[in-house]
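Subject: Structure handover

Dear colleague,

Please find below the structure that I am passing on to you.

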Amino acid sequence: MSRYVIALICLFLLVMQGMAMSMLPANLVYSDLLITPHWVLIFLFIIAIFFDRDETYHAVWYGLAFGLLIDVVYTGVLGVYMVTYALVIYIIHGINKSLHANFIAASLLAIVGVALADTLLYVIYSFVQITSLSWGTYALLRLLPTLAANMIFFILLYPLVKERVHYWSEEINNA
């Protein structure tokens, strides 16, 4: 049952991240800053940290599925978000094995994960010539605002879902 709820939450976040820019003030939206919400990815980091065990990879599978949905709905290139989200979640899952699952560690993993995912997306889009931003311009105008915006979302989301996700994990493992 909890796996379906996780999928529904991911679907809700997918829809909401598409509307995120319309919720921001106009002076921020129409500035030179480029903010990319990665709300599904943030939630899947929490799933990778607090739901998955060392030998389970539910978050990676959700990353594949919802990355593909993001590709279909929001981008014109199929597979970019799918591969990027799955790869970054897999890396975060691997790093998490050597850390204690608490707010500080989860925050650091979220920063590293969002930075890695957004940088991978930039590299892929640069390689296929979809973006022409230089590295310095990208880092200043897109990476830093994206990291800040997604960390605000992580700080808001973490207390809302952490205990519930941990409970679902215990429920599945005790069944």
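**Surface and charge**

The protein chain exposes about 9,300 Å², of which carbon and sulfur atoms supply 71%; accessible areas come from the Shrake-Rupley method with a 1.4 Å probe, and for residues only the protein chains shown count as cover. This is a predicted model, in which local features need pLDDT of at least 70 and side-chain atom pairs count only at pLDDT 80 or more, while totals for chains, interfaces and linings use all residues. Residues are numbered from 1 along each chain as its sequence is written, and side-chain values use heavy atoms, with hydrogens and water left out.

The protein chain has 6 positive and 9 negative side chains, and the centres of the two sets lie 4 Å apart. Here Lys and Arg count as positive and Asp and Glu as negative, without His and the chain ends; the charge is placed at NZ of Lys, CZ of Arg, CG of Asp or CD of Glu.

**Overall fold**

The protein chain has 7 helices and 0 strands (DSSP runs numbered from the N terminus: helices are H or I of at least four residues, strands E of at least two). A compact globule of 175 residues would have a radius of gyration near 16 Å, and the 16 Å of the protein chain agrees with this (taken over C-alpha atoms; the globule rule is 2.2 Å times the number of residues to the power 0.38). Buried residues make up 43% of the 175 residues (buried is under 20% relative accessible area, exposed over 50%, partly exposed in between, with a 1.4 Å probe and protein chains only). Of the contacts between residues at least 6 apart in sequence, 75% join residues at least 24 apart (a contact means heavy atoms within 4.5 Å).

**Two residues**

Threonine 146 lies in helix α7 (residues 135-174) and is buried, with a relative accessible area of 1%. Its contacts include Leu34, His38 and Asp118. Glycine 76, in the loop between α4 (58-74) and α5 (80-96), is exposed, with a relative accessible area of 80%.

**Annotated regions**

An unreviewed UniProt entry places the feature "transmembrane region" at residues 30-51, 63-92, 104-128 and 140-161; positions follow the numbering used here, feature names are shortened, and annotations may be inferred rather than shown by experiment. Residues 63-92 are 83% helix, with end C-alpha atoms 12 Å apart. Residues 104-128 are 96% helix, with end C-alpha atoms 36 Å apart.

Yours sincerely

Conventions. Lists of a residue's contacts leave out its neighbours within four places in sequence.
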